[in-house]
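Colleague: I would like to learn how to read aromatic rings in a model. Please take it step by step.

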Amino acid sequence: MLEDRATAVSSPTQWPAVYPKGYAVVDVETTGLARDDRIISAAVYRLDERGEVEDHWYTLVNPERDPGPVWIHGLTSEVLEGAPLFADVAEEFAARLDGRVLVAHNAVFDWQMIAREYARARREAPVRQRLCTIALSKELGLPLPNFKLESLAAHYGVVQQRAHHALDDARVLAEAFRPSLRAAAAGGLRLPLLECRPLTEWSDRPVPRQSTGGPGGYGGYRQSSWRPSRKRPACPYPNPGRYEDGKHLKQGMRVAFSGDTSTDRELLEDRATEAGLHVASSISRLTSLLVTNDPDSGTSKVVKARQFGTPIVDEAAFGQLLRDVEPADG
């Protein structure tokens, strides 16, 4: 673990009083992208309210399984063997996040991985809001060729030294976030903050550790298992149309989800499928209902739902509706 402190430098910018008082710029490297994948390294740069670095921290994490795409992150089973388990670093990690806005590039991914690790450890991460630097870049209208971290770094002249290394990626993001934050403050922009909901229910599939000796000594991890696709069975019922407020859901209705949920998303989708509903990955004029805890987030699904007049309910209301789904006609 590493830690360092830097002297904060004040900025002459008139600072919006509603802006957060501190940030935790986070990057995690993982065994893959699925919900049962694990964190194998994590880094946090703590910043003050104006984006100046206060300190930083880094740790490896033993995932107790195959490390995944070693050709990307470079962390082999041998390197991770003596690393602490997530439960061993959960308290210190939490102390770095406590009372701050979590900042990450594609923040929903980092937050979901962190929330799942805390759920496994039967704890809760002390994070209430997150800020995605991709969303902030869009708000600022930055002339980027794409929204990769390296493009944001190049825009601000930040030099990457070790791509896909959590500590260096967090450093790069912290250095790129500072001028973005100041530009937003100077323009009086509303920061694209989203709520972080901890998981309240968790289910995990055991993933066995694979023996070393695979291609390149990477533990025999197959790239095809890195992005497992999960195909749900087709809904056997016809779509009866849109949900109407005050009435019951009906088998065959097309339901879409957007944003964080306190119940793990796949568990929630499983419940909807078991109730006879069609889980949709996008919004169309045929969508019966959108479930989101942040109807003002401005995500593409929320925007389309409002354009099409699709009803919107939050997770709690949806949970109540799932208790009494009407059978399909016939």
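Colleague: Does Phe257 count as buried or exposed?

Modeller: Buried means under 20% relative accessible area, exposed over 50%, and partly exposed in between, with a 1.4 Å probe and protein chains only. Phe257 has 1% relative accessibility, so Phe257 counts as buried. This is a predicted model, in which local features need pLDDT of at least 70, side-chain atom pairs count only at pLDDT 80 or more, and totals for chains, interfaces and linings use all residues. Residues are numbered from 1 along each chain as its sequence is written, and side-chain values use heavy atoms, leaving out hydrogens and water.

Colleague: How is the pair of Phe257 and Phe318 classed?

Modeller: Rings of Phe, Tyr and Trp (its six-membered ring) pair if their centres lie within 6.5 Å; planes under 30 degrees apart are stacked, over 60 edge-to-face, and the rest tilted. The planes of Phe257 and Phe318 are at 85° and the ring centres 5.5 Å apart, so this pair is edge-to-face. Phe318 is buried too, at 0% relative accessible area.

Colleague: How many aromatic pairs does the structure hold?

Modeller: Seven. One of them is Phe93 with Tyr118, a tilted pair with 6.3 Å from centre to centre and 40° between the planes. Ring pairs also link Phe93 and Tyr118 with Trp57 and Phe86 into a cluster.

Colleague: Which residue lies over the face of Phe147?

Modeller: A charge sits over a ring if NZ of Lys or CZ of Arg is within 6 Å of the ring centre and within 35 degrees of the ring normal. Here Lys138 lies over the face of Phe147, 5.2 Å from the ring centre.
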